[in-house]
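Reader: I have a model open and would like to go through it. Can you start with the terms and then take my questions?

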Amino acid sequence: MTITKDSKLGEIFDDPRYLEIFDKHIPGLSQNSMVSMAKGLAIKYLLKQPQAKGLGFTEDKVEVILDEINKLPVA
């Protein structure tokens, strides 16, 4: 399964390998209470939120994260 900006955050956080990649690039993001409430939202939507940048959730970082996730072997 390819993870894109249309993927929901919860889909990504459900896979520990993906979650580890997110936390490597944006430490602590997965533990943030605001983020845990947004698991049903698509990444592209979250990137448009003003709070995202303050958490380090930026377009550039998301591109790197998605690239790294999509290079993983299918589980």
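Author: Buried means under 20% relative accessible area, exposed means over 50%, and partly exposed is in between, with a 1.4 Å probe and protein chains only. Helices (H or I, at least four residues) and strands (E, at least two) are DSSP runs, numbered from the N terminus. This is a predicted model, in which local features need pLDDT of at least 70, side-chain atom pairs count only at pLDDT 80 or more, and totals for chains, interfaces and linings use all residues. Residues are numbered from 1 along each chain as its sequence is written, and side-chain values use heavy atoms, with hydrogens and water left out.

Reader: Fine. Which residues of H2 are buried?

Author: Tyr18, Ile21 and Phe22. Looking down the axis of H2, these buried residues fall within an arc of 100 degrees, so they line one face of the helix. The arc is that of the directions from the helix axis to the C-beta atoms.

Reader: And what is exposed on the other side of H2?

Author: Pro16, Glu20 and Lys24 are exposed there.

Reader: What do the buried residues of H2 pack against?

Author: They pack against H1 and H6. Contact here means heavy atoms within 4.5 Å.

Reader: On to H6, then. How many residues does it have?

Author: H6 has 12 residues, running over 59–70. From first C-alpha to last it reaches 16 Å, close to the 16 Å expected at 1.5 Å a residue. The expected span is 1.5 Å times one less than the number of residues.

Reader: Which of its residues are buried?

Author: In H6, the buried ones are Val62, Ile65, Leu66 and Ile69. They fall within an arc of 100 degrees seen down the axis of H6, so they line one face of the helix. Their cover includes helix H1 (9–13), helix H2 (16–25) and helix H4 (43–47).

Reader: Where is Ile3, and why does it count as buried?

Author: Ile3 is in the segment before H1. It counts as buried because its relative accessibility is 2%. Leaving aside neighbours within four places in sequence, Ile3 is in contact with Ile12, Tyr18, Leu66, Ile69 and Asn70.

Reader: Ser7, buried or exposed?

Author: Ser7 is buried, at a relative accessible area of 6%. Ser7 is also in the segment before H1. Not counting residues up to four places away in sequence, Ser7 touches Thr2, Leu41, Ala42 and Ile43.

Reader: What does Leu46 touch?

Author: Not counting residues up to four places away in sequence, Leu46 touches Leu9, Ala38, Leu41, Ala52 and Phe57. Leu46 sits in helix H4 and is buried, with a relative accessible area of 11%.
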